[in-house]
Amino acid sequence: MLLPYIEKNRIEAGCDEAGRGCLAGSVYAAAVILPPDFHNEILNDSKQLTEKQRDTLRPIIENEAIAWAVGIVTPEEIDRINILKASFLAMHRAIKQLKVMPEHLLIDGNRFTPYPEIAHTTVIKGDGKYLSIAAASVLAKTHRDEYMEKLNAEYPDYLWNENKGYPTKAHRDAIRLHGATSYHRKSFTLLPPSQLTLDF
């Protein structure tokens with residue numbers, strides 16, 4: 001069973017990102033403050049949920065959360081500052097948009113760039129341990145998936161409606177055949193060196 005908080009009677013926001021390992025598209029992060037009595041039988045790490053379960057949970061989380069927000073960092077920014085810093089920046093942008101400022105942050109993972117004047121705790125595999133981080137993982141994932149499906153309409157050859165920008169064989173085959181788009185992260189290894197025929 002997921003835990004509601006680390007410390008009782010403190011406003012805590014869970015934070016998580018989606019799209020860090022993708023070859024294309026922005027990285028998304030969400031910050032979520034849940035009521036202390038929030039309960040949901042389905043909610044878990046978004047990677048453990050089906051797409052249908054995530055889509056069911058998204059409006060529940062958005063409607064019942066005390067506050068929630070999503071932060072985005074573009075492929076151009078990722079290429080400029082690297083994906084780790086971009087993931088933290090996306091979390092910062094989400095936190096900054098919260099209508100209620102938290103007193104403490106629960107961060108999925110083992111590293112984080114401190115947010116000004118708010119203490120944080122990093123939690124390895126936190127999306128499977130704390131409700132607020134799990135909720136953030138669901139929002140980050142669903143908002144990003146929706147974004148990638150819109151990009152797929154512009155570039156259907158890359159099958160982003162299926163792979164969401166992750167390095168599947170079909171995605172890399174499309175890069176090999178059609179080249180990189182403006183949404184691809186040029187700082188990433190889009191193709192193995194032996195197959196790299198792209199001209200950026």
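Is Tyr155 buried, partly exposed or exposed? Tyr155 is partly exposed, at a relative accessible area of 26%; here buried means under 20%, exposed over 50%, and partly exposed in between, using a 1.4 Å probe and protein chains only.

Before the views, a word on the model. This is a predicted model, in which local features need pLDDT of at least 70 and side-chain atom pairs count only at pLDDT 80 or more, while totals for chains, interfaces and linings use all residues. Residues are numbered from 1 along each chain as its sequence is written, and side-chain values use heavy atoms, with hydrogens and water left out.

**View 1. Phe88 and Phe112 form an edge-to-face aromatic pair.** A search of the whole structure turns up seven aromatic pairs. Rings of Phe, Tyr and Trp (its six-membered ring) pair if their centres lie within 6.5 Å; planes under 30 degrees apart are stacked, over 60 edge-to-face, and the rest tilted. For Phe88 and Phe112, the centres are 5.7 Å apart and the planes make 75 degrees. Phe88 sits in helix H3 (residues 83-97) and Phe112 in the loop between strand E4 (104-108) and strand E5 (119-123), so the pair ties together parts that are 24 residues apart in sequence. Helices (H or I, at least four residues) and strands (E, at least two) are DSSP runs, numbered from the N terminus. Phe88 counts as buried at 8% relative accessibility, and Phe112 counts as buried at 11%.

View 2. Tyr155 is in the loop between helix H4 (131-154) and helix H5 (160-163), and Tyr183 is in the segment after helix H6 (169-178), so the pair ties together parts that are 28 residues apart in sequence. Ring pairs link Tyr155, Tyr158, Trp160 and Tyr183 into a cluster.

**View 3. The largest nonpolar core has 31 residues.** Such a core is a set of buried Ala, Val, Leu, Ile, Met, Phe, Trp, Tyr and Cys residues joined through side-chain atoms within 4.5 Å. Val32, Leu34, Leu43 and Ile61 touch the most other members. Strand E2 (27-33), helix H1 (51-64), H4 and H6 each supply at least two residues, and H4 gives the largest share, 10 residues. Leaving out residues up to four places away in sequence, Val32 touches several residues, including Ile61, Trp68 and Leu139; contact means heavy atoms within 4.5 Å.

**View 4. Helix H1 packs its buried residues against E2 and H4.** Those buried residues are Arg54, Leu57, Arg58 and Ile61. In the loop between E2 and H1 you can find Ser46, which counts as buried at 7% relative accessibility. Leaving aside neighbours within four places in sequence, Ser46 is in contact with Arg54, Ser137, Val138 and Lys141.

**View 5. The largest pocket holds about 440 Å³ of space.** On a 1 Å grid over the protein atoms alone, a pocket is an open set of points where a 1.4 Å probe fits, with protein on both sides within 12 Å along at least five of seven lines; lining residues have an atom within 4 Å of a point. Grid points are joined across faces, edges and corners, and the volume is the space filled by probe spheres set on the points. Of the 23 lining residues, Asp16, Glu17, Lys47, Asp108 and Asp127 are the closest to the pocket's centre. Strand E1 (12-18), H3, E4 and H4 each give two or more residues to the lining.
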